[in-house]
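Let's take a friendly walk through this structure together. Have a look at it first, and then read on.

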Amino acid sequence: MSRRRSATLAVGCVLAGVIVAVAVVSLFWTPFAPDDTSGGRLAPPGPPHLLGTDKLGRDLLTQLMIGARVALTAGLGSVALGGVIGVAAGLLAGFAVRWLDDTVSALLDILIAFPTLLLAMLVVAAREASLGSAILAIGLAMSSIVARLTRVLVKRVLAQDYITASRTSGTSWPRVVAEHVLPNIWPTLLVNLALQLGLAVLAEASLSYLGLGTPPPNASWGRMLQEAQATVLTAPAGAIAPGVLLVVLVVGVNLIADGLRDVADPTRRARGSRPAPNAESSARDAENSAADPGRVP
Amino acid sequence: MSLLEVSALTVKAPDGRALLSEVSFEVEPGARLGLIGESGSGKSLTALAIMGLLPAGMTASGSIVLDAPGLPRTQVVGAPERTLNGLRGRAATVVFQEPLTALDPLAKVGRQLAEPLRRTRGLRGSALRAAVLAALAEVRLPERVAGAYPHEISGGQRQRAAIAMALACEPALLIADEPTTALDVTVQAEVLALMDGLVSARGMALLFISHDLAVVARVTDRVVVLKEGLAVESGNLLDIVAEPRHPYTRDLVSSARRLDSALDLGAR
């Protein structure tokens, strides 16, 4: 079981690692400039354009490489923004007195019910269509989900016997939080943030597909898909290539999230002879599925 | 002068229902008292009320006075959190029923045991590590337990670790809330004997909470019987067994007798 999990982690790291490597290389070198249209429109794959060109004559490989950088920036940026806001709000609600908890929870419910697409359009209307706007919209939408999860995790841990036990021995409240509450919510939170990273990459692609993301000359996989749509029958590479990379990155990130679950939680590691009792591990599975990773913004 | 003096303690649920009504008892320094009752009778709630750790929404009224040597005499009911936290651990601490949930699943046993040792004795570094191993040896746990997570050791070992953690606080009063109920019968006897010995050796007072008359009889001779939040009977265990006055106590005694006679028949 454990071996299968660590294999999951390894495969995930390889898949995501390929995309990260491509993105890093794109910072220093791309085959052509992103706005170089000298290759002629819809050139077929072959030297000097390894994957051909798009309908404006731009090199497809160059666009893909820059797209990798944009996808990773969007994903990591959104998770950083959504994670910080979400965890902070969740901790606040989780530890707060009743009325403050109720207020924050009501706000979160409203934010969660608010369509992410509408939120993105509002952000773009207020600012401009840019990578920053996309990150802001995705991060805000994500923060409500992360906050709700964090709040539930805090509440659940606070109700545990070991918190009461620690307090009966005179451990001060800040110390209980630092030593027992935070370490116990962290593994689930980490796994959820990793899942959110995959979702954020997809969300950025969707927004760019709709023209609400990164503007030219910087390429985004979502916009490449949209631009290639009209010529998908005559030049399929333009649509297939960004689609494949998107899948590779998201699957890689999700596999990492799955593998992290074991690394972060010692009760799931089969270390030595005694496996975790069933009740405990199934409660944890329930907790992880309650993490609500299925919501695509 | 009593170490713990509970008088007319009433605990109400958020909806106003009385979960404990007018319960009174005393524990002298170094003395032992058994608190017997079925589940839901308010035994554990009594323990939490003494620690000032009632679940949110529950309110206590009446009086709980803790007067441990070296600590100020304190009225627990209505005391501010800061005062209470100064008492917890040193005046009294609790060993809970289910050691699997009473230990942090993500922290190694040694680290959890180090927490009270560091606080009560001000130990650091290698001295702290030595004290952790000594505390484990005292409850007859091998050194390797220090590096194990709670789920990696057996139920009996977990409860020994929990007892070591409670003793590390050096409390004047140890509250044992059904400490052996979650354990196998054979392990139960070992853990009970161990706790009995350690509490005597340190001259600690013991408030022993259980639903099991036979278990209580092994560690204490004075009992309070709780039934639906009321203290229906209290006094010397032998007197109560010989002459139970309340119907519930009679049930307890006769069911214990039935088991005994069944065992006698089986032995024959």
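A residue is called buried if 20 or more other C-beta atoms lie within 10 Å of its own, exposed if 12 or fewer, and partly exposed in between, with C-beta atoms placed from the backbone. Helices (H or I, at least four residues) and strands (E, at least two) are DSSP runs, numbered from the N terminus. This is a predicted model, in which local features need pLDDT of at least 70, side-chain atom pairs count only at pLDDT 80 or more, and totals for chains, interfaces and linings use all residues. Residues are numbered from 1 along each chain as its sequence is written, while chains are lettered from A and ligands numbered from 1 in the order in which they are written.

**Chain A overall**
- Chain A has 10 helices and 0 strands.
- Of the 297 residues in chain A, 46% are buried.

**Helix H3 of chain A**
- H3(A) lies largely in the open, because the number buried among its 16 residues is 1.

**Where the chains meet**
- Two residues are in contact if their C-beta atoms, placed from the backbone, lie within 7 Å; 26 residues of chain B are in contact with 23 residues of chain A.
- On the side of chain B that touches chain A, strand E6 (92–95), helix H3 (99–102), helix H4 (109–121) and helix H6 (155–168) of chain B each supply at least two residues.
- The largest share of that side, 3 residues, comes from H4(B).
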